[in-house]
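Thanks for coming. I have one structure to go through, and I will keep it short.

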Amino acid sequence: GTTFSFNYFDTRFTDRIGRPLTENARAILTDPAARPFVTFVNPSANPADQALIESYSGLPGFSTLYPINTYGAVVDGRWVNTGAVRVRGLDASALYSRPVGAGVISLDASASWILDYETRLTPTAPVRQAAGLIGYPAEFRARSGATWTWEDLDLALHWTHVAAYRDNLGARIGALNSLDARFGWSLGRDGAGGRGLRLSLAVENLLDEDPPFYDAPTGYGFDAGQASLLGRAVSLQLIKRW
């Protein structure tokens, strides 16, 4: 009544399509890795630089808020095939089932560890370790719980955990923990009239936990990629299968 699986993965991408400057927008003008995409100019002293800025001034979307001779850099933010990514990690899962009284109880658990998440903006740029960084996969996540089944009824309770991670400034973002519950009833499974009909009641974030605080530049105060502001969410479904 026990099953177990284990998986090691090593995935590599080269010539990855991306916009290198948007991945580290705060350091565009100072990061050596971004240097191939930045051209520093001095239009007030160099006629060639002034001609370059003037050639852009006629393009749609160019702002006329600043005089031509005040620009200091031209940044190339286009999509390019230049990046590289390597991800290594482990996945594991287990399932154990046994009869309990008239029903069956199943215990299950799954976990994922990211050992390395290496990114490189350009072939000559230094490798950046991004595991556990905002916008990238958390270093560890797990889900475990139990499901009890009796005839046409089933009841499940599962706990989800996402390890703490950090933002781009190094500040810690707390771990995320949530508890989910589900009740299901397969109506008339043995009767012709109710075949394929199922009623399901689910509650996500059963304890109504708040998402971990994240001092986001947008001002929202949480990471929408990992958490939700909805809190406890209840859903009721009636499903018919043919």
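Let me start with a question: is D167 buried or exposed? This is a predicted model, and in it D167 has a relative accessible area of 8%. The cut-off for buried is under 20%, so D167 counts as buried.

Where does D167 sit? D167 belongs to the loop that connects β9 (165-166) with β10 (172-173). Its side chain has two backbone partners to look at. One is L169, whose backbone nitrogen is 2.9 Å from a polar atom of the D167 side chain. The other is A171, with its backbone nitrogen at 2.8 Å from the side chain of D167. Setting aside residues up to four places away in sequence, D167 is in touch with L133, I134, I173 and Y214.

L133 takes us to the next topic, as it is also part of the largest nonpolar core. That core has nine residues: F9, V85, V87, I114, Y117, A130, A131, L133 and Y136. Two strands, β4 (80-100) and β5 (103-120), contribute at least two residues each. In general, nonpolar side chains in soluble globular proteins tend to be buried together.

Within the core list, take A130. Ignoring neighbours within four places in sequence, its contacts are Y117, T119 and Y136. Of these, Y117 and Y136 are core members too.

Last, confidence. The chain has a mean pLDDT of 87, with 96% of its residues at 70 or more. Strand β7 (residues 140-150) is where confidence is highest, at 96, and strand β6 (residues 128-129) is where it is lowest, at a mean of 86.

That is what I have.

Definitions and conventions. Residues numbered from 1 in each chain as written. Predicted model: local features only at pLDDT ≥ 70, side-chain atom pairs only at ≥ 80, totals over all residues. Heavy atoms only, no water. Core = buried A, V, L, I, M, F, W, Y, C linked by side-chain atoms within 4.5 Å. Buried < 20%, exposed > 50% of the residue type's maximum accessible area, 1.4 Å probe, protein only. Helix = DSSP H or I, 4+ residues; strand = E, 2+ residues; numbered from the N terminus. Contact = heavy atoms within 4.5 Å. Polar contact = N/O pair within 3.5 Å; in protein donor to acceptor, adjacent residues only side chain to side chain. pLDDT = per-residue confidence, 0-100.
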